[in-house]
Every structure is written in C-alpha cells, then in structure tokens.
Amino acid sequence: CHLAVLQQLSVSELSCSPLLARSTFDTFDLKYYSDIKDRELGFSPRDIMRGCYEMLKAYAENFTYTSNSFFFTGATGLGKTHLALAVLNKVTQNGFNVYYASAGSIVKKMEKERFGRADESIEEEIDKCDLFIIDDLGAEFSTAFSQAAINELVNNAILSGKPMIIISNLSRNELEEKYGQRLTSRLNCFEIIQFVGEDIRQ
C-alpha cells in the first residue's frame with residue numbers, strides 16, 4: 001500500500017508538467033515525417049519512425065523490471081523526448097516508478113549533494129525507480145565532475161539491471177569524444193534508436 005501511494009504521488013507530480021501531459025502515444029503524429037523514400041535505405045523517414053513508434057508503444061505496454069534499455073539519438077526536434085515521455089506516461093499508468101530528468105539537472109543535484117545542500121541522495125531516488133530516463137545527455141555544461149557523475153550513475157544503473165532510456169542529440173562517436181570510451185562502451189547493452197527526418201517543431 002505504501003508503494004502504491006508513492007507511485008500515485010510520483011504520477012501526480014509528473015502530471016504537473018504541460019509537456020508530459022501532451023506527450024503520449026496518441027498525440028504522436030507521423031504526418032510530420034516525410035513519406036519520400038531514401039534511395040539507399042528504401043524506406044522513408046515516416047516508415048522508420050512508424051517502426052520506432054510501434055516498438056516503443058509495445059515496450060511501454062509490456063514493461064517489466066527486466067525490460068531492455070534504449071539509447072535515443074538524432075538531431076533536435078525529431079520526437080525523442082515526446083516518445084520517451086509517452087513511454088513514461090504508459091509505464092507509470094501501469095504502476096511502475098519512473099525517474100526522469102535532464103543530464104543538466106542531474107549534475108546540478110549531484111553538485112548540491114557534494115556541498116551538503118541536498119535533502120536526498122539522487123542515487124537513492126534513482127534506486128527506487130523501475131525505469132531511469134536521462135534526457136539531453138551532452139547538452140549539460142561539461143566539466144570533469146559532470147563527466148564522472150554521469151559515468152557513475154549510468155554504470156550503477158546498468159550494474160543493478162535497471163532499464164534505462166538515454167536521450168541525446170549527439171551521436172555515439174560524439175558522446176565518446178565528450179565522455180570517453182568508458183561511457184560509450186556501456187551503450188553496447190542498449191538498443192540504439194536513430195531518429196530521422198527534419199525538425200518537426202518547424
């Protein structure tokens with residue numbers, strides 16, 4: 001009963017975000033992706049994104065404590081955060097706890113902990129969740145501390161077997177330049193989803 005209350009409170013807090021309320025599988029519109037086929041691939045961006053959509057919807061509907069982890073990569077405005085939040089919405093509706101934050105806010109929280117200004121350890125918060133989502137990895141201000149902090153969190157989550165979704169505008173090679181091979185080697189156990197198309201925000 002205590003866990004159920006915590007889950008309801010978590011959903012209530014997350015629902016305060018207008019972006020979260022708008023980001024569901026029902027509101028993901030494939031018409032914003034071109035239906036012109038790529039000559040080399042033989043598929044259009046719409047075909048590819050339809051496949052991503054269907055796979056992630058099934059993932060969210062059938063989520064368990066041992067589900068796979070994903071790395072979403074691609075340029076800005078291609079729907080990465082929308083689909084991640086759609087997963088979050090469905091997973092929380094099914095009674096699971098999700099910890100979602102941008103890489104920048106995670107680093108800020110860890111810096112507060114470092115100087116004793118945090119009420120609760122971020123590691124403790126993440127340990128309680130069933131799905132850990134990091135958004136905008138690579139967009140945070142880069143320092144030796146931020147690189148070490150992100151590496152540590154990702155490593156601990158993987159070692160604990162916790163499903164994760166990592167979202168970044170950077171490619172795998174660009175992430176390696178920023179964080180080093182230590183982080184990108186851990187992505188070998190992630191399923192990589194390449195988002196394609198043109199900025200749908202336009």
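Which elements cover the buried residues of helix 8? The structure is a predicted model, in which local features need pLDDT of at least 70 and side-chain atom pairs count only at pLDDT 80 or more, while totals for chains, interfaces and linings use all residues. Residues are numbered from 1 along each chain as its sequence is written, and side-chain values use heavy atoms, with hydrogens and water left out.

Helix 8 spans residues 172-179, helices (H or I, at least four residues) and strands (E, at least two) being DSSP runs numbered from the N terminus. Within helix 8, Leu-175, Lys-178 and Tyr-179 are buried, where buried means under 20% relative accessible area, exposed over 50% and partly exposed in between, for a 1.4 Å probe and protein chains only. Viewed down the helix axis, these buried residues fall within an arc of 75°, so they line one face of helix 8; the arc is that of the directions from the axis to the C-beta atoms. Their cover includes strand 1 (70-73), helix 7 (144-159), strand 4 (164-168) and helix 9 (181-186), with contact meaning heavy atoms within 4.5 Å. On the other side of helix 8, Asn-173 and Glu-177 are exposed. Gly-180, which follows the helix, has a positive phi, near 95°.

Another positive phi, near 55°, belongs to Asp-136, a residue other than glycine. Asp-136 sits in the loop between strand 3 (131-135) and helix 7, and is partly exposed at a relative accessible area of 35%.

As for the cysteines, Cys-52 is buried at 8% relative accessible area, and Cys-129 is buried at 5%. A search of the whole structure finds 0 disulfides, a disulfide being a pair of cysteine sulfur atoms within 2.5 Å.
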